[in-house]
Amino acid sequence: MKFQRGVGNTGILIDDSTRVLVQGITGFQGSLHTKFMLSYGTKIVAGVSPGKGGQKVQSIPVFNTVKEAQKKHSPNTSILFVPARFAAKAACEAIACGIKTIVIVTEHVPIRDTIQIIYYASKNGAIIVGPNSPGIITPKSCKLGIMPGHVFKSGNVGLISRSGTLTYEIAYSLSQKKIGQSTCIGIGGDPIIGISFIECLNLFRDDSKTKAIVLIGEIGGNLEEVTADFLKNANFSKPIVAYIAGRAAPAEKRMGHAGAIIRGQTGTAEHKIRAFNNVGVQIAEKPSDVAILLRKILDT
Amino acid sequence: MKLFEYEAKCILTNYGILVPKGVLVNDHILQNESVKELELPFAVKSQILVSGRQKAGGILFSTSIEQTKECLKTLLGAKIKNEIVGRVLIEEKINFIKELYFGITIDRNQQSYVVIASEMGGIDIEQTSIDFPQKIIKLPVNPNKGLSFSVAKKIGAKLGYTGISLKSLANVFVNLFQIVEDYDIELIELNPLVETAHGNFVALDSRIIIDDNALFRHSEYRKKSFELGRELGSIEIEAKKAGLVYLKLDGEIGIIGNGAGLVLATLDIVTYYGGKPANFLDLGGGASVEQIILAMKFVLKDVQVKVLFVNILGGLTRCDDVAHAIISTITETKVTTPVIVRLLGTNEEQGRKILIENAVDVFDNMEEATIRALEVSKGCR
């Protein structure tokens with residue numbers, strides 16, 4: 001995947017020139033968060049809800065198809081609130097219409113559908129964030145998601161997270177300690193997701209505003225271990241602090257061997273923490289320790 | 001959703017994959033007619049949803065009907081790897097010349113399905129994958145093309161097969177991928193898939209996990225996923241029906257949060273400060289007032305719970321909904337268990353106001369709230 005946009009001094013992926021399309025805008029969450037995003041200052045140009053064309057939500061025009069919305073308002077970024085069973089169709093419609101950044105907020109999208117979405121996106125040079133993502137926020141410029149805007153503060157720390165609510169938790173504690181954020185991305189909590197830690201790290205590396213990065217991981221899968229592997233040889237100069245949730249979680253009952261064959265003995269909090277420690281990523285023991293570690297890094 | 005071996009084998013049979021002849025038994029009284037079609041010796045296999053069954057004594061072998069009855073007595077009702085055996089599958093024991101492994105699962109890093117195959121199948125496959133990584137074939141499946149017959153043949157050839165047996169093995173692989181697509185499979189595993197002296201390939205054991213999020217496309221299994229004695233206890237099933245993820249733990253600090261990551265972090269922090277979580281309860285995103293009330297009732301049902309800690313960071317979830325739910329649960333159930341709330345995010349001002357008016361302890365900092373909850377659990381008011 002090649003990333004063309006977001007290289008600059010204003011955070012990554014989205015900024016104040018982002019033209020947003022809301023898919024599923026007439027639904028309960030879609031309309032509510034359209035309101036919140038608008039009041040944050042996000043430039044929403046159109047919405048789509050099949051069969052609801054011609055309506056308005058928060059004075060934003062609604063279309064039946066992405067194609068019509070594209071023709072009249074040329075959005076370059078889309079956010080999906082559509083129900084899980086329609087998410088694949090909606091995402092692929094946006095990709096087909098040339099939209100290059102698509103945030104899927106929808107939870108419970110079937111894995112088989114996600115695989116198809118990501119494959120289609122990769123063939124068309126589009127970036128998928130999610131599914132099950134809280135979205136992206138570049139504080140003060142653009143809020144593309146469901147996060148409470150007021151817990152974020154503009155600054156120079158990039159934040160990448162597998163968890164939605166933990167993103168808010170840690171951003172809030174950073175903001176309280178006067179550590180602002182360049183961009184915060186929730187990459188989604190599903191087993192298969194579009195943009196990963198590594199791709200986000202590369203974007204933050206090229207963003208001159210970002211001085212340090214926070215990674216928020218959790219037990220399960222091997223995203224953290226794979227990221228640590230990448231960092232081993234990446235010559236990554238910006239400091240990274242990580243928090244891994246799930247130290248106290250009970251072990252999962254396993255069935256089948258395939259997971260272990262694919263991932264090896266990965267997945268526990270201890271294993272992820274060790275992997276990060278080995279490549280110089282600082283580990284925060286509690287969410288609030290992230291701010292303490294960052295303060296030390298930024299002050300030296 | 002994890003399927004029992006006998007359920008997995010039903011699906012395999014429908015797709016032309018051979019499995020041993022067998023009958024499912026769920027009580028001690030073995031009707032002789034039920035096994036008269038089967039040829040001794042038998043494999044008597046407990047049906048539980050966890051790996052490592054054989055090593056834990058969950059699979060026995062018998063050479064007579066009498067011995068089979070003894071095996072049933074041993075297995076039915078026994079606790080194997082912490083699961084109670086409610087059903088036993090009696091199968092003909094198959095003679096074979098070779099054990100293979102074949103599985104398809106999702107690969108998070110490849111963002112696709114991946115085929116895993118090995119000529120060294122059997123219960124030690126995980127160790128084999130560490131000791132002899134060259135004996136494990138891993139191949140991502142192109143999401144557009146699926147698993148074609150020619151790719152399946154290549155895998156079979158790598159396992160050392162040629163001619164007719166290669167063709168029939170490749171057919172097994174292709175059919176298996178068809179099952180993956182038709183049933184929204186997260187994991188399907190034939191281990192071992194054995195080759196018999198007659199050149200047949202027979203799946204002696206099989207594991208299937210269906211993607212929970214796709215159960216709306218498979219209503220038969222959706223219904224079964226709520227059955228008792230499957231993966232969850234009765235409270236967990238009730239919670240699942242209400243769209244909540246509940247897991248009972250051993251401690252005394254009841255925990256409700258929104259979002260798996262935040263709930264995990266809450267467990268971690270409670271543990272960090274010396275408390276013991278009584279449960280994991282994730283409301284998910286955008287829970288309704290009704291769902292939150294149900295969630296509180298689930299946790300408060302647990303007699304071990306000395307304090308309920310509700311930790312909410314509103315995104316889709318609205319803090320005013322949470323506050324309303326808390327107040328109406330407290331009034332409705334006349335519960336005396338203290339409730340400590342942390343609220344932040346969407347509509348937090350309204351939420352906080354409602355709680356304060358009703359004299360419920362509310363915080364905006366998670367650690368302060370945790371420390372307070374632990375104090376309260378020790379009797380400090």
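Reader: Which residue of chain B does A:Arg112 meet in a salt bridge?

Author: In this predicted model, the side chain of A:Arg112 takes part in a salt bridge with a side chain of chain B. The distance from N to O is 2.9 Å, which lies within the 4 Å cut-off and therefore counts as a salt bridge. The partner is B:Asp184.

Reader: How many salt bridges does the rule find across the interface of chain B and chain A?

Author: The structure holds 34 salt bridges over all chains. Across the interface of chain B and chain A, the number found by the rule is four.

Reader: What do the side chains of A:Asp113 and B:Arg217 join?

Author: The side chains of A:Asp113 and B:Arg217 form a salt bridge, with N and O 3.0 Å apart. A:Asp113 belongs to helix 4 (residues 111–123) of chain A, whereas B:Arg217 sits in the loop between strand 13 (206–210) and helix 7 (219–224) of chain B, so the pair joins two chains. Side chains of opposite charge can pair when their charged atoms come close. What this pair joins is therefore two chains.

Reader: Which residues of chain B lose the most area to chain A?

Author: On the side of chain B, 72 residues are in contact with 61 residues of chain A. The area buried between chain B and chain A is about 5,600 Å², and carbon and sulfur atoms give 60% of that area. Three residues together account for 13% of what the side of chain B buries, and they are B:Arg108, B:Gln111 and B:Leu316.

Reader: Which element gives the largest share of the side of chain B that touches chain A?

Author: Between chain B and chain A, 19 residue pairs are in polar contact. One element of chain B supplies nine residues to the side that touches chain A, the largest share. By class, that side has 31 nonpolar, 22 polar and 19 charged residues. The element with the largest share is helix 9 (residues 260–272) of chain B.

Reader: Is helix 6 of chain A oblique or roughly parallel to helix 7 of chain A?

Author: Helix 6 (residues 197–205) and helix 7 (residues 223–234) of chain A have axes 9 Å apart and pack at an angle of about 40 degrees. Angles under 35 degrees would count as roughly parallel. The angle of this pair therefore makes helix 6 of chain A, relative to helix 7 of chain A, oblique.

Reader: How many residues in the contact of helix 6 of chain A with helix 7 of chain A are nonpolar?

Author: Helix 6 of chain A contributes residues including A:Phe197, A:Ile198 and A:Leu201, which meet residues of helix 7 of chain A, among them A:Val226, A:Phe230 and A:Leu231. Two residues of this contact are polar and two are charged, while the number of nonpolar residues is eight.

Reader: At what angle do helix 7 and helix 9 of chain A pack?

Author: The axes of helix 7 and helix 9 (residues 269–278) of chain A are 9 Å apart. The angle makes helix 7 of chain A roughly parallel to helix 9 of chain A. Residues in contact include A:Leu223 and A:Ala228 in helix 7 and A:Ala275 and A:Phe276 in helix 9. The angle is about 10 degrees.

Reader: Where does B:Pro192 lie?

Author: The peptide bond from B:Asn191 to B:Pro192 is cis, its omega being near 0 degrees. Another cis peptide bond joins B:Leu40 and B:Pro41, with omega about -5 degrees. B:Pro41 lies in the loop between helix 2 (32–36) and strand 3 (42–46) of chain B, whereas B:Pro192 is in strand 11 (residues 185–195) of chain B.

Reader: What is the phi of A:Gln58?

Author: A:Gln58 lies in the loop between strand 3 (56–57) and strand 4 (60–63) of chain A. Although A:Gln58 is not a glycine, its phi is positive, at about 50 degrees.

How values were computed:
Residues numbered from 1 in each chain as written. Chains lettered and ligands numbered in written order. Predicted model: local features only at pLDDT ≥ 70, side-chain atom pairs only at ≥ 80, totals over all residues. Heavy atoms only, no water. Contact = heavy atoms within 4.5 Å. Buried area = accessible area lost by both parts, 1.4 Å probe. Polar contact = N/O pair within 3.5 Å; in protein donor to acceptor, adjacent residues only side chain to side chain. Helix = DSSP H or I, 4+ residues; strand = E, 2+ residues; numbered from the N terminus. Nonpolar A, V, L, I, M, F, W, Y, C, P; charged D, E, K, R; others polar. Axes fitted to C-alpha atoms, helices over the stretch in contact; angles between N-to-C directions. Parallel < 35°, antiparallel > 145°, perpendicular 65-115°, else oblique.
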